[in-house]
Amino acid sequence: MPGAGKADMYAVPLEEDKDQAYENALVEIESFELPIEATLRSIYDDQPNAHQKFMEKLDTCIRNHDKEIEKMCNFHHQGFVDAITELLKVRTDAEKLKVIAQTEDIIRCRIQQRNITTVVEKLQCCLPVLEMYSKLKEQMNAKRYYSALKTMEQLENIYFPRVSQYRFCQIMIENLPKLREDIKEISMSDLKDFLESIRKHSNKIGETAMKQAQQQKIFYVALQKQNNINMGRTMYVTNGEIPEERKEVTSTYAFEEEDENEEEVLNVQDLVDFSPVYRCLHIYSVLGDEETFENYYRKQRKKQARLVLQPQPSMHETVDGYRRYFSQIVGFFVVEDHILHVTQGLVTRAYTDELWNMALSKIIAVLRAHSSYCTDPDLVLELKNLIVVFADTLQGYGFPVNRLFDLLFEIRDQYSETLLKKWAGVFREIFEEDNCSPIPVANEEEYKIIISKFPFQDPDLEKHSFPKKFPMSQSVPHIYIQVKEFIYASLKFSESLHRRYRIPESSENLPTGVKEGDLRCLLSSTEIDDMLRKSTNLLLTRTLSSCLQNLIKKPHIGLTELVQIIINTTHLEQACKYLEDFITNITNISQETVHTTRLYGLSTFKDARHSAEGEIYTKLNQKIDEFVQLADYDWTMSEPDGRASGYLMDLINFLRSTFQVFTHLPNNNNDHAAMSGKVAQTACMSACQHLSTSLMQMLLDSELKQISMGAVQQFNLDVIQCELFASSEPVPGFQGDTLQLAFIDLRQLLDLFMVWDWSTYLADYGQPASKYLRVNPNTALTLLEKMKDTNKKNNIFAQFRKNDRDKQKLIETVVRQLRSLVNGMSQHT
């Protein structure tokens, strides 16, 4: 119990000490140091009757104090009376003071009330600030930065001026710039993420945009077709020669689709979330730093543009490489166009035009460089289709693409070159597989198959019974078919470039951005016709001509093959007019048009024939040289063998059989008959002239030092056989002794020596009617000196010296005169 411990200290267990304990308890009660309850309990708990004694002690103590109080009052009574008297005197003043005190209380209350009102007003001003600042923190935590900036503006413009004198407001004010910087950094980070995102999605965005452009183009084509049907017109007029599947020219290009019934193509907003750039733009606008944001965005996008425009090194190897390149570029500019139209000031039309012009120059340079590496015409064609869709797509977004269309004409030239290279291989393969023999046909069916492939007309051949042969070899119809295939391949480049798609005014439900006459015509039908004819001319005059020339020059091609080549080129030349009709049927441009280009096949095949003819002459002369090399004359023989040399008889037999081959040259009309006769006559004349020259060179060979009269007589027998061959008309058509004149030089030279008619030769030399007009003095001198040397060693002229010694002097005289003639000719020269 509280205080119990201390009360126990004063407990007196003995009788004699009880009075002292009571005294102590009274002292404690008077002092109020201990709780009374504890003190009293210590007394009553001691003995049952102790309280009576304590009460007695307490009464005695009270009486003592009363006495003391009475004494004190008596002592101070007069002073109390005086004090009361004084108080009575100041009662009036006290009333006045009371009124004054009440007034002061009112004033103090008024002041307190005013202070409270002021405090309430200040708190009412501060509470919205605190609420707005709390709202600002919530917006920052929720990443609603644009709203947070607006809240900051409200705090700075409306709320902070009211409570700017308070410390907490200064802390808030000092914290706002940091919050703004945080928002700028976060916004810039979002912008970087956005730029990275669109960099990754550029390919998909571009692919989607190009698909949409392709769909719109297909829509145009469908409307144009319907319009043409309604108007009773078609773009191409064809004949039965053109297969059905080739009559309608349509675009072969399309992006890969997973399904024919593919769902609607997504737009750019579905592929990319543009909200970060909107937020960033709004945030920087609020911060008043739009220029920094615009400059950063444009700088980064220019960097991305350079990356997009940088092609892969192996881009030219596959069409997918070109497709990715175009898709990324389209995706880039589709995003810029979207930003241009949905934002204000971030990009401008001048900026996008500048960026596009820079990109266009780079694109053209890249395509020009990479396309030059393309050797596959199919790849070049795919590239052209991609360029068309690429240009159509960006044109739909308002970007000028005329330079791209101009590039198509360069790509067309590249395409033509690759086609020519491809067809050069085709022609070489055809010639390698050709047996250079007329085409045999066993029945009507085989005959019609050949006729269906090649426009051949020969009434005489039709009258013949089966089996029979076409004059040309198998390569002719194959080449004709391949030329037509080349024309088809060349035409493919013009697909989607030859029409202007005009939408009728009554058309409804047009795609977005579609209007009448939207697509311009890049190539007219006349231009296509001109292109096809020029390409075909290049094929004939350069590719086919080169292949023919190479074929003609091949070592294994013999005279029979060369004759067949001449026949083939003749029929190919005749087929050129059918090729012109074929092109006319495709383009519907009449050949009578003033500017229509003609096919140069006529000159091409004429040149090939001339080369073949020249090769015939060359090979024939080479064969003659081979026979001549087999000659084995005994130039010192005393008497001739009495018959011509074996090598020469073999040569003449070879020439006879060879010239019989020329009877197979085309002669189904007068022109061909004249041509075949001319080739045969020229070949025969060339062979005779070459044989005559070879024999003459044999006599005059510098290594041949001696010739006997017997050798001359033997040589004369060979020349006689040559003259007999020439006079036997091995090739019909020569007039008179034209062919024999090839050997006239040899004949006059041999006659001069055989007859030994030097007086006539020297007397008539230089006269037009000279008997030995074709004998050159130098030639006669050379041969005479060889025979003179023989005379000295073998006594060939011994009989002359015995019979008439003057004849030796005559020889010396002839030699001197011949030398004089030779010297005179030299001086005259």
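In this predicted model, Trp 356 is in contact with Phe 333, Ile 363, Phe 390, Leu 394, Phe 399, Pro 400, Val 401 and Leu 404, once its neighbours within four places in sequence are left aside. Trp 356 is also listed, together with Phe 326, Ile 363, Phe 390, Phe 427, Phe 715 and Trp 758, among the residues with the most contacts inside the largest nonpolar core, which has 183 residues.

**Packing of α11 and α13**

- Helix α11, covering residues 319-342, and helix α13, covering residues 377-396, have axes that come within 10 Å and cross at roughly 10°.
- Because angles under 35 degrees count as roughly parallel, α11 is described as roughly parallel to α13.
- On the α11 side the contact is made by Val 319, Tyr 322, Arg 323, Phe 326, Ile 329, Val 330 and Phe 333, while α13 contributes Leu 379, Glu 382, Leu 383, Leu 386, Ile 387, Phe 390, Thr 393 and Leu 394.
- By residue class, the contact of α11 with α13 divides into twelve nonpolar residues, one polar residue and two charged residues.
- Phe 326 of α11 and Phe 390 of α13 both take part in this contact, and both are listed among the residues with the most contacts inside the largest nonpolar core.
- Phe 333 of α11, and Phe 390 and Leu 394 of α13, belong to the helix contact and are also in contact with Trp 356.

**The protein as a whole**

- The secondary structure of the protein comes to 28 helices and two strands.
- Of the 829 residues in the protein, 43% are buried.
- Among contacts between residues at least 6 apart in sequence, 79% join residues that are at least 24 apart.
- The accessible surface comes to about 45,400 Å², and carbon and sulfur atoms account for 50% of that surface.

**Two prolines in loops**

- Pro 455 is placed in the loop between α15 (444-453) and α16 (459-463), and it counts as partly exposed because its relative accessibility is 21%.
- Not counting residues up to four places away in sequence, Pro 455 touches Tyr 480, Ala 575 and Tyr 578; the C-alpha atoms of Pro 455 and Ala 575 are separated by 6.7 Å, although the two residues are 120 residues apart along the chain.
- Pro 467 is placed in the loop between α16 and β2 (468-469), and a cis peptide bond with omega of about -5° joins Phe 466 and Pro 467.

- Trp 756 lies in the loop between α24 and α25 (758-764) and has a positive phi of about 60° although it is not a glycine.
- Trp 756 counts as buried because its relative accessibility is 18%, with buried meaning under 20%.

**Thr 584 in α19**

- Thr 584 is placed in helix α19, which covers residues 559-587, and it is buried, with a relative accessible area of 15%.
- Thr 584 and Arg 533 are 51 residues apart in sequence, and their C-alpha atoms are 9.6 Å apart in space.

Definitions and conventions. Residues numbered from 1 in each chain as written. Predicted model: local features only at pLDDT ≥ 70, side-chain atom pairs only at ≥ 80, totals over all residues. Heavy atoms only, no water. Axes fitted to C-alpha atoms, helices over the stretch in contact; angles between N-to-C directions. Helix = DSSP H or I, 4+ residues; strand = E, 2+ residues; numbered from the N terminus. Parallel < 35°, antiparallel > 145°, perpendicular 65-115°, else oblique. Contact = heavy atoms within 4.5 Å. Nonpolar A, V, L, I, M, F, W, Y, C, P; charged D, E, K, R; others polar. Core = buried A, V, L, I, M, F, W, Y, C linked by side-chain atoms within 4.5 Å. Buried < 20%, exposed > 50% of the residue type's maximum accessible area, 1.4 Å probe, protein only. Areas by Shrake-Rupley, 256 points an atom, 1.4 Å probe, with all protein chains shown as cover.
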